[in-house]
Amino acid sequence: MGRVIRTFASTRRTMMPEVLQTLLQDYVDEANPSKALYLSLVPATGDVEMASEEKDKEKEKEKAKLPNIQKPLPPEIEAFAVLQLLLCLFDKREKAKAFECVNALVLWLKAFNRPTLHLFSARAYFYLSLAYEQAGRLSEIRPELQAAYRTACLRHDSMGQATLLNLLLRSYLQYSLYEQALKLVQKTTFPESRPSSQYARYLLYIGQIKAVQLEYSDSHSKLMQAIRKSPQSPTVALGFKLCAHKLAIIVELLMGGVPDRATFMQKELKEHLRPYYAITMAVKSGDLNAFKEVVQRHEALFKKDKTLTLINRLRYNVIKAGLRSISMSYSRISLEDICTKLSGGGGKSVGLETPQDAAGIVAKAIVDGVIDATIDYEGGFVKSKQRQEVYTSCEPQKALHKRIAFCLQMRNESVKAMAYPEESGKDTEDAEERREREKRELAEVDDEDDGDDMML
């Protein structure tokens, strides 16, 4: 069944309406009350063709004779045929027809309890959630998804658990219900035997929740894992990788770091990440006026990406970068000059109206360890202390520990993902050739995958 599901990526681009009509007519049970609905939803063949093309089309119709299978037909064949219709409707952007089709399919699948149908059910629920989301009614099916998740847990359906858990998290995050999403994560366990695409989506949602909960280190770790587990082909799952990169950039800035320039230079993401590159430059320079101007210019985009709340938190990071630069340049500077430099000459426009405001910000930066200085309130100036050699501190040890922890985590994940040959008396060369062939097939399908499972 897994191989059958993976063929959807290639068959959806080559499926013709005539073949789809024959597929539904021959393989959907007559007792199914939705058969007439499915046949009526098949897209039209298209424009009128020339005489020579009509002959070729007639030949194709003759080739569309499908093999006879002994009846009663297994429900897996019917599920395959209806899913092909559903994919065709989504590709044609016929949302209303896809909405009717997926509702009928999910209702029909509920009547079965067959392990071979678990993969089809998971895919059907994915498209059910997508149809309701496109209709702006995603919250309506939340009880349906919760009931389906409980059923998948009872049936030990790992694929269903992974898919439905991600759909529930997406439903909560779509309406900014972060507390409910966090409780769902704490009360559930993501299955170990999960597909990499679903696990990547789960890591993205966890990273988004952690970022809102101010756990930036954990959030950045999850987001980077999600990026590494996403398809490496530049044209596959582009929306997923773009969303993950945007969140990772903002979280890294909130942690006090600066994203690598290569992140913004990726050919397929370069144009979409320009506003985030401008935010990075404003934070790096420590200019509050430039930061405020960038936020106002791209406010609509940040709201659409749901990163505006996190970006507003960067204001203090901009101040910290500016104070760090001032501390390195001046051994002694007045609070009025700090107020002027931080705001680029426009203190009132960013909330630094008096030296007392600047003193409060500088005091917080000193407590947080951003700068090493003292404030002379009577004289109205800040005096920086002599800079300490970084190699006499614990910073190199912390950086080394972080890299070692990352390598150990990667090693553990690699061990879990290892595949061992079957112990049997058969010829080992045949088993080796079979594994290599399956590996090539999976690689080809992954390259051709349209990224539906990574859709955002």
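This is a predicted model: local features need pLDDT of at least 70, side-chain atom pairs count only at pLDDT 80 or more; totals for chains, interfaces and linings use all residues.

Student: What makes α10 and α12 roughly parallel?

Tutor: The axes of α10 (residues 158-174) and α12 (residues 196-212) cross at roughly 30° and come within 10 Å. Angles under 35 degrees count as roughly parallel, so α10 is roughly parallel to α12. The crossing of α10 past α12 is left-handed.

Student: Which residues in α10 meet α12?

Tutor: From α10 they are Ala 162, Thr 163, Leu 165, Asn 166, Leu 169, Arg 170 and Leu 173, and they meet Gln 198, Arg 201, Tyr 202, Tyr 205, Gln 208 and Ile 209 in α12. By class, the residues of this contact of α10 with α12 are 7 nonpolar, 4 polar and 2 charged.

Student: And why are α6 and α8 called roughly parallel?

Tutor: Apply the cut-off once more. Helix α6 (residues 75-91) and helix α8 (residues 118-134) have axes that cross at roughly 25° and come within 11 Å. With under 35 degrees as the limit, α6 and α8 are therefore roughly parallel to each other. Their crossing is left-handed. Among the residues making the contact are Phe 80, Leu 83 and Leu 87 of α6, and Phe 120, Tyr 127 and Leu 130 of α8. The contact of α6 with α8 divides into 10 nonpolar, 1 polar and 2 charged residues.

Student: How many disulfides does the rule give?

Tutor: The count is 0 disulfides; a pair would need its cysteine sulfur atoms within 2.5 Å.

Student: Is Cys 88 buried or exposed?

Tutor: Cys 88 has 14% relative accessibility, and buried means under 20%, so Cys 88 counts as buried.

Student: Where is Leu 214, and why is Leu 214 called exposed?

Tutor: Leu 214 is in the loop between α12 and α13 (216-229), and its phi, near 70°, is also positive. Exposed means over 50%, and Leu 214 has 54% relative accessibility, so Leu 214 counts as exposed.

Notes
Residues are numbered from 1 along each chain as its sequence is written. Side-chain values use heavy atoms; hydrogens and water are left out. Axes are lines fitted to C-alpha atoms, for helices over the stretch in contact, and angles run from 0 to 180 degrees between N-to-C directions. Helices (H or I, at least four residues) and strands (E, at least two) are DSSP runs, numbered from the N terminus. Angles under 35 degrees count as roughly parallel, over 145 as roughly antiparallel, 65 to 115 as roughly perpendicular and the rest as oblique. A crossing is left-handed if the near helix is turned anticlockwise from the far one by less than a right angle, and right-handed if clockwise. Contact means heavy atoms within 4.5 Å. Ala, Val, Leu, Ile, Met, Phe, Trp, Tyr, Cys and Pro count as nonpolar, Asp, Glu, Lys and Arg as charged, and the others, Gly among them, as polar. Buried means under 20% relative accessible area, exposed over 50%, partly exposed in between (1.4 Å probe, protein chains only).
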